[in-house]
Amino acid sequence: MKIKNRQQFLVALTIGVAALYLGVNFVYTPLSDWWSSRSAQIRDLREKVSDGNQLIKREAGIRSHWSEMQANALPSNTSLAEQQVLKSFDSWQRDSGAEITGIMPQWKNDSTNYMTLSCRVELGGDLGTLSRFLYEIENSPTALRLDSVELGAHDVTGQQMTLGLEINGLALLPSSKP
């Protein structure tokens, strides 16, 4: 090969490599990244549309459940709510035969839409009465949630037991919308 042809070949090869380098780094890679991000965005949007369609299909059930929750929520008046919960505890105590040894209610105002009544309840009785008390709580329509249960034996044989409960009640506050 002649020197002039070799120089032209090397110059052309260098220009070709530089063009390929620029094409890969400044055209192909950004377009590939953009395409991947668009694909991920489209996938996320499709998932959101699918979730939205599922919510639309379940609308009646969700609305009826929400209406039930609103109807069974504690009153927004704290003294009325505490009175309602204490009456419920008294009723469950009579129905189950358990003996309540202590109740410590405490209000928490976590949001502008609701308040929670957190109660620590201590009970005594045998296993049957304590399990009946728990059954009564769980089957109550009142908006109460059982957060923790601590069970301990009060005697050596395990006939007398103590039960510590953390119960939270929901009180929905009236909305400020007209």
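A residue is called exposed when its relative accessible area is over 50%, buried when that area is under 20%, and partly exposed in between. The legends below apply these words to a predicted model.

**View 1. A salt bridge joins Asp90 and Arg94 in helix α3.**
Arg94 has a relative accessible area of 58% and is therefore exposed. The side chains of Asp90 and Arg94 meet with 3.5 Å from N to O. Because the two residues stand four positions apart in helix α3, about one helical turn separates Asp90 from Arg94. Side chains of opposite charge can pair when their charged atoms come close. The structure holds seven salt bridges.

**View 2. Arg120, Glu122, Glu150 and Glu166 are linked in a network of salt bridges.**
Arg120 forms a salt bridge with Glu122, and the closest N and O atoms of this pair are 2.9 Å apart. Arg120 also forms a salt bridge with Glu150, again with 2.9 Å between the closest N and O atoms. The pair of Arg120 and Glu150 links distant parts of the chain, since Arg120 belongs to strand β2 and Glu150 to strand β3, 30 residues apart. With 17% relative accessibility, Arg120 counts as buried. Glu122, at 28%, is partly exposed, and Glu150, at 44%, is likewise partly exposed.

**View 3. The largest nonpolar core contains 20 residues.**
Val85, Phe89, Val121, Leu123, Phe133, Leu165 and Ile167 are the residues that touch the most other members of this core. At least two core residues come from each of α3 (78-96), β2 (114-125), α4 (127-138) and β4 (161-172). Strand β4 supplies the largest share, five residues. In soluble globular proteins, nonpolar side chains tend to be buried together.

**View 4. Helix α1 bears a kink centred on Val24.**
Helix α1 covers residues 3-57 and has 55 residues. From its first C-alpha to its last, α1 reaches 78 Å, which is close to the 81 Å expected at 1.5 Å a residue. The kink in α1 amounts to about 35°.

**View 5. Tyr21, Leu22, Phe26, Val27, Leu31, Trp34 and Trp35 make a nonpolar surface patch.**
The area of this patch is about 840 Å². One of its members, Leu22, lies in helix α1. Leu22 counts as partly exposed because its relative accessibility is 44%.

**View 6. Ser64 and Ser91 lie in helices α2 and α3, respectively.**
Helix α2, which holds Ser64, spans residues 59-72. Ser64 is partly exposed, at 44% relative accessibility. In sequence, Ser64 and Leu130 are 66 residues apart, and their C-alpha atoms are 32 Å apart in space. Ser91 is also partly exposed, with a relative accessible area of 26%. Between the C-alpha atoms of Ser91 and Asp51 there are 42 Å, and these residues are 40 positions apart along the chain.

**View 7. Asp155 lies in the loop between β3 and β4.**
Strand β3, on one side of this loop, covers residues 144-153. Asp155 has a relative accessible area of 30% and is therefore partly exposed. The C-alpha atoms of Asp155 and Leu123 are separated by 14 Å, while the two residues are 32 apart along the chain. Leu123 is among the residues that touch the most other members of the largest nonpolar core.

Notes
Residues numbered from 1 in each chain as written. Predicted model: local features only at pLDDT ≥ 70, side-chain atom pairs only at ≥ 80, totals over all residues. Heavy atoms only, no water. Patch = residues over 30% accessible without salt bridge, like charges linked within 9 Å, V, L, I, M, F, W, Y side chains within 5 Å. Areas by Shrake-Rupley, 256 points an atom, 1.4 Å probe, with all protein chains shown as cover. Salt bridge = Lys/Arg side-chain N within 4 Å of Asp/Glu carboxyl O. Buried < 20%, exposed > 50% of the residue type's maximum accessible area, 1.4 Å probe, protein only. Expected span 1.5 Å × (residues − 1). Bend = angle between axes of the 7 residues up to and from the residue. Core = buried A, V, L, I, M, F, W, Y, C linked by side-chain atoms within 4.5 Å.
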